[in-house]
Amino acid sequence: MDEDVALLHQPAAFNATLRQQGLGGLVGALQSSDWWRHRQFGLVVSGAGLVAHRACSGCLVSEAPSSSYSVSISTLAEQTGSSFEWEAKAGKQHREVCARSSEAQRSAHDGWWASFWERSHIWVSGEDGTLANLTERYAQTRYLQTIQAGTWVPIKFNGMVFTSQLPPETTSSGPAHRQWGSCNWWQNTRLAYWSMHYAGDFEQMRTIFEYYHQMLPFLQARTMVAFNHSGIYVTETKTLFGAYDPCDYGKAADRRGQAD
């Protein structure tokens, strides 16, 4: 019998950030800009000959000894009304993926990457062969940027998805630790996209424009509150929806006096 397991996480911070920055009156009007409330993300895992462990939530165990296993993993991040709704959608998606031919999926995957690598090239060479390292490093960098530029969420400048920090996990170290925090500094974020148009990677470059496009309603509303005119202003450091980094903003607006 084959079974699957699912892992789920739910974040939220939009309304509290607006209230901290004196924009509490916009909470109701900007709910369509809150892409995090009820957003749930996780993954579903299954494999032939693997079953859910009865005493370990989220664990799969083999029904019998085997020298190899084929495991399928699918992920889903979506705003849903409940965890049950997320589980239903994630399960449906996972079953649909598993029903497809693995050979066809592999062929589509290989075809996409073949087209990508044929799009443009930079080859560096020299008499002693050491400059070949530049060709390799360029290809590696382009690959890492591409696999992280598939959505409107920008590439993180401080470590990207992959960090080299090793355990233990503390407030100042570990795999999830990032100096400079969770927000985005444009002067740093732009660097990962700077060379994409030269390489012809317009599909990946488009996502950074989607990042700014989705925050327009918030930026327009905030500009009207701050300056009483239309238009937008964008700060150098910002959250994913365009607000100041709460740490940079500091004391909440309703607790500030003239001295602040």
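Residues are numbered from 1 along each chain as its sequence is written, and side-chain values use heavy atoms, with hydrogens and water left out. Because the model is predicted, local features need pLDDT of at least 70 and side-chain atom pairs count only at pLDDT 80 or more, while totals for chains, interfaces and linings use all residues.

**The second largest pocket**

The volume of the second largest pocket is about 380 Å³. A pocket is an open set of points on a 1 Å grid over the protein atoms alone, where a 1.4 Å probe fits, with protein on both sides within 12 Å along at least five of seven lines; lining residues have an atom within 4 Å of a point. Ile73, Thr75, Val97, Arg100, Gln105, His109 and Thr151 form the lining of this pocket. At least two lining residues come from each of strand S5 (71–79) and helix H3 (102–117). Helices (H or I, at least four residues) and strands (E, at least two) are DSSP runs, numbered from the N terminus. Sorted by class, the lining holds two nonpolar, four polar and one charged residues.

**A nonpolar surface patch**

Trp117, Tyr143, Leu144, Ile147, Val161 and Phe162 make a nonpolar surface patch of about 530 Å². Residues of a patch have over 30% relative accessible area and no salt bridge, and nonpolar side chains are joined within 5 Å. Helix H4 (residues 132–147) gives the most to the patch, with three residues. Tyr143 is found in helix H4, and Tyr143 counts as partly exposed because its relative accessibility is 36%. In these terms, buried means under 20% relative accessible area, exposed over 50%, and partly exposed in between (1.4 Å probe, protein chains only).

**Salt bridges**

Side chains of opposite charge can pair when their charged atoms come close. A salt bridge is counted where a side-chain nitrogen of Lys or Arg is within 4 Å of a carboxyl oxygen of Asp or Glu. The count by this rule is nine salt bridges. The table presents some examples.

| Salt bridge | Distance, N to O |
|---|---|
| Lys89 and Glu85 | 3.6 Å |
| Glu136 and Arg137 | 3.4 Å |
| Glu210 and Arg206 | 3.2 Å |

Lys89 and Glu85 both belong to helix H2 (residues 83–99), where they are four residues apart, about one turn of the helix. Lys89 has a relative accessible area of 33% and is therefore partly exposed; Glu85, at 32% relative accessibility, also counts as partly exposed. Salt bridges link Glu78, Glu85 and Lys89 in a network.

Glu210 and Arg206 both lie in helix H7 (residues 202–214), again four residues apart, about one turn of the helix. Glu210 is partly exposed at 31% relative accessibility, and Arg206 is partly exposed at 43%. In the pair of Glu136 and Arg137, Glu136 is partly exposed with a relative accessible area of 40%, and Arg137 is partly exposed with 45%.

**Two positive phi angles**

His38 has a phi near 65°, a positive value in a residue other than glycine. His38 is placed in the loop between helix H1 (14–20) and strand S2 (39–47), and at 49% relative accessibility His38 counts as partly exposed. Asn228, which is not a glycine, has a positive phi of about 60°. The loop that holds Asn228 runs between helix H8 (216–227) and strand S7 (237–238). Asn228 counts as exposed because its relative accessibility is 63%.

Definitions and conventions. Grid points are joined across faces, edges and corners, and a volume is the space filled by probe spheres set on the points. Ala, Val, Leu, Ile, Met, Phe, Trp, Tyr, Cys and Pro count as nonpolar, Asp, Glu, Lys and Arg as charged, and the others, Gly among them, as polar. Patches are made of residues with over 30% relative accessible area and no salt bridge: like charges are joined within 9 Å, nonpolar side chains (Val, Leu, Ile, Met, Phe, Trp, Tyr) within 5 Å. Accessible areas come from the Shrake-Rupley method with a 1.4 Å probe; for residues, only the protein chains shown count as cover.
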